[in-house]
Amino acid sequence: MLGKTAGGLFWMSRYLERAENTARLLESGQRMALTRTKNSAEEWGSVLKTAGVLDGYHAKYDDITKDNAVDWVLRDADNPSSIKSVIKQARDNARLVRTALTHDVWSAVNATWMQIDEVMKRRVNERDLPATLELIRQQAALVRGATLGTMLRNDIFDFTRIGTFVERADNTGRILDVKYYVLLPTAFSVGSSLDNIQWESILRSVGAGGGYRMTHGEKTRPSDIAQFLILDQRMPRSLHFCCRKIQENLSYLKKDYGFAGPSGEASNALYEKYLDQKISDIFEIGLHEYIQDFLADLGNLSRQIEIDYRFYE
Amino acid sequence: MSEYFDEMFNGDGSLRGPYEEIGRWFNAEDVSRLRAKQREAEKVFRLTGITFNVYGKAEAEERLIPFDIVPRVISAREWQRLERGIEQRVRAINAFLHDIYHRQEIVRAGRVPAEMIAGNEAFLPQMLGVSPPGQVYTHIVGVDLVRTGPDEFFVLEDNARTPSGVSYMLENRETMLKMFPELFSATNVRNVSDYPRNLRRSLAACAPACADGEPTVAVLTPGIYNSAYYEHAFLADQMAVELVEGHDLRVVDGRVCMRTTRGYKPIDVLYRRVDDDFLDPLNFNPDSALGVPGILDVYRAGGVTIANAPGTGIADDKAIYSYMPEIVEFYTGEKPLLQNCPTWRCSDPVSLSYVMDNLSELVVKEVHGSGGYGMLIGPTASKKEISAFRDKLKARPANYIAQPTLSLSTVPIFARSGLAPRHVDLRPFVLVSPDGIKITPGGLTRVALKKGSLVVNSSQGGGTKDTWVLED
């Protein structure tokens, strides 16, 4: 396989994953804003920060308003991480690697772009926002289904999956990075209604409300939430789950190619350093530092993968 | 009666032989069902991404080439004639290319003037003395034919550089098979779907001597914003070979190699869809980011096969075109089986003055132009356009040729009002290898969708049709 193709597959799936996660983030932001009308600007600020697009927003707008924030995250062409921008980039990457994709995967990606492009020609008003976000999630599910159902389990599949899980780990990590303080066991966090809303919002932004209840019951506790998002082995958006998947897919590549670059080791090291421990230890280190270090190391691993498999040179 | 030859209907409204089945089918069909099918076809094309980018338009603009559901039908007898004519012409073109890059016998014999070769922009001195594997220069040719009567076919252009459109030939057939399977059980239409397999075989048969085992073939594309990118990806996919861009390639140890996830791997045959000019920034256009530095040196040393060979453009140059009857005769010793369209070379003062006096009846083309850009169609041009073109001609006469406006045949399209005749041309696709010349029975039929229009180019509002060659 061409190095460029591996890179195209990796980025195609990263962008698709980002689009889906950003849609979830918007959904939970919308929900928060509805519940806490007074401090809406703060909430949208935290959505922008989590999506990593706050600086770009301030270059264009002075104040944070709901409409502008939603438009910036959803469809602004000046925002390279807006949902519309990343779906365009996913589709461009899919075109680049067209020969590596099955017909089903390609048409799912292409149809996603065609629909999003259509829906996002104009500002999406509040009434249509839920349906638009739903469309994004459904299309992402369609692409994933086509990928799992039609692609050969070879290196093409491995790079696609690695992209997905690197992005997902990064996105879950960012949510924790911005909201860590809500999960800290301080004297004041005794389960006030405000806390509950915050905690549920975190779960909602990774689509894990139901999964959490199944695992921990109806009582939302910050340490359980942190445990669930970081260390749970069955929760498909937890750092643990994503990291395992990256390790797995890198090991398939190693088997297939008969060699492994430094990224194989780096993925094992990432697991051992951050995920082979108890949640109480993580709180001991400091949740915020832990997450920041994790995100930095994840970024390094991603760059090492790009080098090992010659994405660009 | 129409002044144009219609391929489906005789003057009295009866069906011509090859169209009997289609005519019967169409009459029995429900018009609204057909309309729904037409829309369905467009949806499939859009979803599959069978689009082309329009140069000079916004980067994101990808257009569909309109597809018409009424097939264009060619009888077995008509096809046999065309096939013989095309084969003769393609053989002559390859002999011509070999000759002008070696001894130039045709110039010595006085059949083609020396300045036509040496002074031609498409002539590549770097190719002098180079013999490509199997003596094949034009691995893929798309000969543009037009028809003016039951037995009158003319060659309008020999696309000997990088002919495009073959993916439409294949996708149009796939679409028709899906939409109207019953039509195919009632007729004996020859198959076109083995083109990609034949292409791969044909390319592999031209591998250089240094190729080890099964030759590695790759398609070289300028990238996703190229107007024919869909086709490049489609062919690579169908042939099961890599689709590469210039930045995927590098010269390593005298071979052209592609950067794979496991390191650099040599390519034996490169089917390039990049123009000569952009192929090698060291040897040609130094600003090109599309090519591979040093690839021409590897090529000259026999380290890679480039298809089509660099420098083949001279054979489809519009000024050289006017010499094709002489070229065919010179190399095959036979009279040309396919006619050339009469051509005035404006570099010649006598021809130029004739052309100047008759602009309103002629088609004037740029010698190096393509895609229907920069041409004048006298009969449909306004006075202003003609006078503007007259100035261009005066300024650079050698840049133009002129041809009479041919009465292109028509085939009906399924228009709003029902069947309506529109002008068509035909581009059959020819594969050349040391194993022989293979012509896919069919080709790309382009159709001018605008009533009365003679311009079939997709960049100018043309559409396509499925092209059927019937079995005997």
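Visitor: What distance separates the centres of domain 1 of chain B and domain 2 of chain B?

Guide: Domain bounds come from an automatic or database domain assignment. Here the centres of the two domains of chain B, taken over C-alpha atoms, are separated by 26 Å. Domain 1 covers 17-339 + 406-469, and domain 2 covers 342-404. This is a predicted model, in which local features need pLDDT of at least 70 and side-chain atom pairs count only at pLDDT 80 or more, while totals for chains, interfaces and linings use all residues. Residues are numbered from 1 along each chain as its sequence is written, with chains lettered from A and ligands numbered from 1 in the order in which they are written.

Visitor: How many residues does the contact take from chain B and from chain A?

Guide: Two residues are in contact if their C-beta atoms, placed from the backbone, lie within 7 Å. Chain B gives 16 residues and chain A gives 17 residues. Helices (H or I, at least four residues) and strands (E, at least two) are DSSP runs, numbered from the N terminus. On the side of chain B that touches chain A, helix 2 (31-48), helix 9 (229-239), strand 7 (242-244) and strand 9 (255-260) each give two or more residues.

Visitor: What is the secondary structure of chain A, and what share of its residues count as buried?

Guide: Chain A has 15 helices and zero strands. A residue is buried if 20 or more other C-beta atoms lie within 10 Å of its own, exposed if 12 or fewer, and partly exposed in between, with C-beta atoms placed from the backbone. Of the 313 residues of chain A, 49% are buried. Its C-alpha atoms fill a box of roughly 55 × 50 × 35 Å, taken along the principal axes.
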